[in-house]
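Dear colleague,

Please find below the structure that I promised to pass on to you. My notes on what was found in it follow directly after.

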Amino acid sequence: TADSQICQGESLQLNAVASAGNGGPYYYEWSSGERDSTRLVSPENTTWFNIGVTDSCSLPILDSVQVIVNKNPSLEVTANDTMGCPPLQVEFDYMRD
């Protein structure tokens, strides 16, 4: 998987695909200890995920992928008038993060 971006609270599946060497079987190990070619991640902050891949006759090949976590926008809305007789015209002010 290439470096990717997600929003806070989202998940992303990382996929490692090995080729060459002796043709496999290939053995995968993420820095978290998981031993699968795929991994579902839900980081709270921007994070690097590292993986090593070996076959039965070579040293590990190491790679990493960055998952960039974009903050969810926040919006604060306030009304200038909230009471009055119909027809009431209300204007809103807002602040964005």
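In which strand is the place of Arg39? Arg39 lies in strand β4, where a strand is a DSSP run of E of at least two residues, numbered from the N terminus.

Before going further, please keep in mind that this is a predicted model, in which local features need pLDDT of at least 70 and side-chain atom pairs count only at pLDDT 80 or more, whereas totals for chains, interfaces and linings use all residues. Residues are numbered from 1 along each chain as its sequence is written, and side-chain values use heavy atoms, with hydrogens and water left out.

To stay with Arg39, its relative accessibility is 13%, so it counts as buried (buried means under 20% relative accessible area, exposed over 50%, and partly exposed in between, with a 1.4 Å probe and protein chains only). Leaving aside residues up to four places away in sequence, Arg39 touches Leu12, Gln13, Leu14, Trp30, Ser32, Glu34 and Phe49, contact being heavy atoms within 4.5 Å.

The whole structure holds 2 salt bridges, each defined as a side-chain nitrogen of Lys or Arg within 4 Å of a carboxyl oxygen of Asp or Glu. In one of them the side chain of Arg39 meets that of Glu34 at 2.8 Å, N to O, and Glu34 counts as partly exposed because its relative accessibility is 34%. The side chains of Glu29 and Arg35 also form a salt bridge, at 3.4 Å, N to O; here Glu29 is partly exposed at 35%, while Arg35 is exposed with a relative accessible area of 65%.

Strand β4 (residues 38-41) runs antiparallel to β2 (residues 12-15), and 4 bridges join the two, two strands being paired if DSSP finds at least two bridges between them. Within this pairing, Leu12 stands opposite Val41 of β4. In a regular strand the side chains alternate between the two faces of the sheet. In β2 the covered face carries Leu12 and Leu14, and the uncovered one Gln13 and Asn15.

Finally, there is an open sheet of 4 strands, with mixed pairing and the order β1-β6-β5-β3. Its edges are β1 (4-7) and β3 (27-30), and because each has a single partner strand, one side of each is left without a neighbour in the sheet. Strand β1 pairs with β6 (residues 61-70) in the parallel sense over 4 bridges, and the bridge partner of Cys7 in β6 is Asn70.
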